[in-house]
Amino acid sequence: MTPYKNFLMQRKMPKDENETRHLKWKANYYVILDELFKRGLTTPLLKCLNNQQTGYVLRELDEGICSFYTRGCLFHKKM
């Protein structure tokens, strides 16, 4: 996430020419609103998460408000 944020906000580029070209090409798929989001042609904006946020989301899916729903789906897929 950091290279994309740095490029989009401050136009910081890597020193390597190949990395710079790759970063410019891939950065077209990202946008900064309040945070970094990935965009696609047919999908809604996807929020980019850091490690802490990812852990929280996975815990919430496993144990929190979505736990009953996800366990039900997993149960049906095993059958």
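Reader: What does pLDDT tell me here?

Author: pLDDT is the predictor's confidence in each residue, from 0 to 100. This model is predicted. The protein chain averages a pLDDT of 82. At least 70 is the score for 81% of the residues.

Reader: Which elements have the lowest and highest mean pLDDT?

Author: Helix H4, residues 67-78, has the lowest, at 51. E2 has the highest, at 93.

Reader: And where is the pLDDT below 50?

Author: Over residues 74-79. Beyond near neighbours in sequence, that stretch has zero contacts in the model.

Reader: New topic. How many salt bridges are there?

Author: The count is two. One joins the side chains of Glu 17 and Arg 21, at 4.0 Å from N to O.

Reader: Where do Glu 17 and Arg 21 lie?

Author: Both are in helix H2, which covers residues 17-27. They sit four residues apart, about one turn of the helix.

Reader: Glu 17 and Arg 21: buried or exposed?

Author: Glu 17 is exposed, and Arg 21 is too.

Reader: What about Lys 47 and Glu 35?

Author: Their side chains meet in a salt bridge, at 3.4 Å from N to O. Lys 47 lies in strand E3, residues 46-47. Glu 35 lies in the loop between strand E1 (30-32) and strand E2 (36-38), so the pair ties together parts that are 12 residues apart in sequence.

Reader: Why does Glu 35 count as partly exposed?

Author: Because its relative accessibility is 33%, and partly exposed runs between under 20% for buried and over 50% for exposed. Lys 47 is partly exposed as well, with a relative accessible area of 40%.

Definitions and conventions
Residues numbered from 1 in each chain as written. Predicted model: local features only at pLDDT ≥ 70, side-chain atom pairs only at ≥ 80, totals over all residues. Heavy atoms only, no water. Helix = DSSP H or I, 4+ residues; strand = E, 2+ residues; numbered from the N terminus. Buried < 20%, exposed > 50% of the residue type's maximum accessible area, 1.4 Å probe, protein only. Contact = heavy atoms within 4.5 Å.
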